[in-house]
Amino acid sequence: MAMKRLNLSSPTQDGSPKHKKTKTDSSPASMLDSEALESDGWTKVEKRKQKKTKKAELKLDATQSKFLYHNVEINQRRHAVGIDVGGLYLQLVVELTWEQEIRQLVIHIVADAPPPNWLRIDNAPLIQKVVVLLVPGLTNDVLALPPIPTSPNVNPNVPISIPLLPRTSDGGPLPNVPFIAATFSHACPTRAPGDQTRMHSVLGGFFHGPVSGEERNKRATMRLLSENIKNQDPEQYLLTLEQMIDNEYPIPSYMADVFERPDDWMETPEPVKSGLLDGLSDQAKTPSKAKAKIYAIDCEMCLTEDGKELARVSIIDYYSEKVVYDQLVKPKKPILDYLTRWSGITEEALAPVTTTLAQVQAHILRLLSPPKNPFSSSSPSPQPTPILLGHSLESDLNALKISHPRCIDTALMYHHPRGRPLKPGLAWLTKKWCNREIQTRGEGGHDPEEDARACISLLRKKLECGPGFGEYKTDIESIFERMARSTRRSGGPVGSIRSAVVDHGNPSVMHGNKATTSLGCSSDADVLKNLLQVIPSHDFTLVLTKLSLEGTTPKPSPDAPPPPPHEPPSPGTLKGIYETLNTQLKTLHTALPPRTAFIIFTGHSDPRRMAQLNARKSVFDAAVKAGKTMDQMGPDERWSSSDMRELEEAVELAKRGLMFLGIKS
């Protein structure tokens, strides 16, 4: 089944290349010289070489790369087995998954991954570039395609044939985006990752996947070597900026412009750069490294009219294990639920408390940014910024409304048995690795001091046993790391593959931070402009943008979960959006170099019904956590088994997407 329908960019009608004739000098003198050269035999050799070169060029032009689906293989995928990104357990999959097929396809074309079994690629080494485009909102309805079958007797994985565009005006209605029908012959159904009740990021599995067996063995050897070298410095476990962003930490403004800080938020001062030592003697420039203070912290919250608010905070010094701060906090809004079963906070305990969040913030900021002594000259180097240690520390920072640059998180330092993105619980970690039980007070709730001390024990154990302690060997790498250590299929040594990400916002500190080039954009026009600039100099270009389909898919960023639904645009507005999108796609396709693989995927279908039902389920879950019975719940708080079935059906429908494959001649 061929993938490419039209040769839209062919310079001639029949697609055969034309070569310009070279202008020759026909003067008598030149003819004499030519005859003289031919008598020596040299010109005939040159003509033979030129003829051979032209013949090779014509043969190369006649050889085209093609995508062809393996229908037999796809039909058998009803019970096919795919490997989850964690690599620890098998799961049955039906549609093509992001974790495996699409990522593998791109790496196979660009680098040295094995070919996919559901697709045949003729003359793959001739493909020079790959451009992948995300366009959410291109549903079957928008493209005038038949819906994906839901009957148990029909395989929903089989590629859908795209009807040809009508040649006359009375041949039927045109699709909203005719470029798709004019360029691609089939739409391949895909399925976004997720569980029964939620759809996960469609790009998470695409960006990250398990390493190869050879690379895993290499990493295991390096891990053994690192474990033999006992590094007792806790700073080796500081979170990177990428880790903080991936785990939704509040990021200080001086680290990256990705977090909009509300008025009541605080951030610790920027750490002093070593450049302040310039001008000192060499001996003064290299003093012994000052040891940063480490504070283990844990917070407990209560439920108020504004949601969860801070009710208690405990801070313990890592080295002395002494409590340096333990304070109950009076929430700003009236308390609806003390959450005693989890927080340990009671109404009696909070009744006399007058300490506010602002006072707590001021105290903690003094701990995290101690004042320098202007009269001390004992050490020319600035004191390092203290480190915060906690479990799922982003929750504590959000409760405190403080952003801090130096964090150690035991939920990331240790692994969940089933791998990422799951995080292990603190009580489970402490029991398994420290052989100690915590959080055993039952209805009495948690003790934040006990939880903070557990974090200290886990960090000490990690330093004692080495970096591999408490980890399940689920080696994961990004698609850009995979390409960086590969040879280029079209020719080139290891490290020669150049990749680019073009997206709204600032992708260089998020999903594009490991790409060769990462360009942020403020509009769709910027996306198209930057895309046309980077394609000629890069082998793989990934465009994560909606290209003017913002109104059809309410999703602020590729990696964010679907937000609550909003009012859809009017038909007139949608018509303009589709026309703009069609023009942009045609402009992009025209500018693509020959032998460029062009992949468009939608990621998912309309998530609005799924978002509505999940919002209702969250209200029900909150009521259950508050201790309400079914009789005490209002109509808006109740959730039935039929609602759950409807949610599961809505999630399955939302996970369905489409992919279009083609190679420009």
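Modeller: First the term we need: a salt bridge here is a side-chain nitrogen of Lys or Arg within 4 Å of a carboxyl oxygen of Asp or Glu. Keep in mind that this is a predicted model.

Colleague: How many salt bridges does a search of the whole structure find?

Modeller: Side chains of opposite charge can pair when their charged atoms come close. Searching the whole structure for such salt bridges gives a total of 22.

Colleague: Which residue forms a salt bridge with D112?

Modeller: D112 sits in the loop between α4 (98–110) and β5 (119–122), and its partner is in helix α17 (residues 479–484), so the pair ties together parts 370 residues apart in sequence. The closest N and O atoms are 2.9 Å apart, and the partner is R482.

Colleague: Is E394 buried or exposed?

Modeller: E394, in helix α13 (residues 393–400), pairs with K423 from the loop between α14 (410–413) and α15 (426–434); their closest N and O atoms are 3.4 Å apart. K423 is partly exposed at 29% relative accessibility. Buried means under 20%, and E394 has 11%, so E394 counts as buried.

Colleague: And which residues are linked with E449 in a network of salt bridges?

Modeller: E449 and R453 both lie in helix α16 (residues 448–465), 4 residues apart, about one turn of the helix. Their side chains meet in a salt bridge at 3.3 Å, N to O. E449 is linked in the network with R453, R460 and E321.

Methods: Residues are numbered from 1 along each chain as its sequence is written. This is a predicted model: local features need pLDDT of at least 70, side-chain atom pairs count only at pLDDT 80 or more; totals for chains, interfaces and linings use all residues. Side-chain values use heavy atoms; hydrogens and water are left out. Helices (H or I, at least four residues) and strands (E, at least two) are DSSP runs, numbered from the N terminus. Buried means under 20% relative accessible area, exposed over 50%, partly exposed in between (1.4 Å probe, protein chains only).
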